[in-house]
Amino acid sequence: QLSDKLVNRFVSGMVVKVDPPDFEMRCEICRRRAVAMVKTAFSNRQTGRGGDPAVPDEVIRYIAEHVRSNVRELEGALLKVIAFAALQDQPLTQAMAQDVLADHVEHCDPMVRIADIENAVANYFNTTPAHIHSAKKDKTVSLARHFSMYLARKHTHMSSSEIGRLMGNKNHATVLVGCKRIEEFIQRDADVNWRCPAGNRVAKARQVITQLEDGLARA
């Protein structure tokens, strides 16, 4: 509803698309903000007890993995953990972060549906949910099907049998095999190869999972 004159003024500058931060970017944001937060939170500690504590990387990664909505909420979760550690005079550990952020994570963690997972995976691999449900066994469809099964096991409370039934009446053994394949890919951070209209594509398994989960978080 803007006037043409105002639109022209806006587009005369640099127009860029700013995507939500991915997992690695969220980690880096936490690392940089943690320095100032720790300095402030522990400024009143007694003398003779050493310097300010560093936030362990396992705590940074836990927060970045579970708080994905926006940077302000990410910083708020980090501040909550650091403030609690300072007030209780406790070390910063992942166990403490899990306890402090339990309600926060539950509130922020959206309900993930099978349909959301299938749509995200199908878009990423340039296929369709119908192909994922089918008996097709070409490399691209098989990869998409197995990633869908893995993400369904990880992000829902459904059993292997339930996941298989919703993904084209596959049996639970098929789901277990697919999940195991993806787990092995992630453990080795293996190359994932598939075909799309533009040709062959290759990406590291962990990068694929991160991008798919970021897509689910935005769904």
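Predicted model: local features only at pLDDT ≥ 70, side-chain atom pairs only at ≥ 80, totals over all residues.

Q: At what angle do helix 2 and helix 3 pack?
A: Two packed helices are described by the angle between their axes and the distance between the axes. For helix 2 (residues 23-41) and helix 3, the axes are 9 Å apart. Their crossing is right-handed, and helix 2 is oblique to helix 3. The packing angle is about 125°.

Q: How many nonpolar, polar and charged residues are there in the contact of helix 2 with helix 3?
A: Helix 2 contributes Phe23, Glu24, Arg26, Cys27, Cys30 and Arg31. These meet Asp57, Ile60, Arg61, Ile63, Ala64 and Glu65 in helix 3. By class, the residues of this contact divide into six nonpolar, no polar and six charged.

Q: Is Arg26 buried or exposed?
A: Arg26 lies in helix 2. Beyond its neighbours within four places in sequence, Arg26 is in contact with Pro21, Ala64, Val67, Arg68, Leu74 and Asp214. A residue is buried under 20% relative accessible area. With a value of 3%, Arg26 is buried.

Q: Which residues touch the most other members of the largest nonpolar core?
A: This core has 32 residues. Helix 7 (114-125), helix 9 (139-155), helix 11 (172-188), strand 1 (191-196) and helix 12 (205-218) each supply at least two of its residues. A second, separate core of 27 residues includes Val55, Val67, Leu78 and Ala97. In the largest core, the residues that touch the most other members are Val121, Phe125, Phe147, Val192 and Val208.

Q: With which residues is Val121 in contact, leaving aside its neighbours within four places in sequence?
A: Val121 is one of the residues that touch the most other members of the largest nonpolar core. Setting those sequence neighbours aside, the contacts of Val121 are Ile132, Ala144, Phe147, Ser148, Leu151 and Leu212.

Q: What is the relative accessible area of Ala152?
A: Ala152 is placed in helix 9. Leaving aside neighbours within four places in sequence, Ala152 is in contact with Ile114, Ile117, Ile163 and Met167. Ala152 is buried, and its relative accessible area is 0%.

Q: Is Asp89 buried, partly exposed or exposed?
A: Most residues other than glycine have a negative phi. Asp89 is not a glycine, yet its phi is positive, at about 55°. Asp89 is found in the loop between helix 4 and helix 5 (94-100). With a relative accessible area of 43%, Asp89 is partly exposed.

Q: Is Asn169 buried or exposed?
A: Asn169 lies in the loop between helix 10 (160-166) and helix 11. Its phi is positive, near 60°, in a residue other than glycine. The threshold for an exposed residue is over 50% relative accessible area. At 65%, Asn169 counts as exposed.

Methods
Residues numbered from 1 in each chain as written. Heavy atoms only, no water. Core = buried A, V, L, I, M, F, W, Y, C linked by side-chain atoms within 4.5 Å. Buried < 20%, exposed > 50% of the residue type's maximum accessible area, 1.4 Å probe, protein only. Helix = DSSP H or I, 4+ residues; strand = E, 2+ residues; numbered from the N terminus. Contact = heavy atoms within 4.5 Å. Axes fitted to C-alpha atoms, helices over the stretch in contact; angles between N-to-C directions. Parallel < 35°, antiparallel > 145°, perpendicular 65-115°, else oblique. Left-handed = near helix turned anticlockwise from the far one by under 90°. Nonpolar A, V, L, I, M, F, W, Y, C, P; charged D, E, K, R; others polar.
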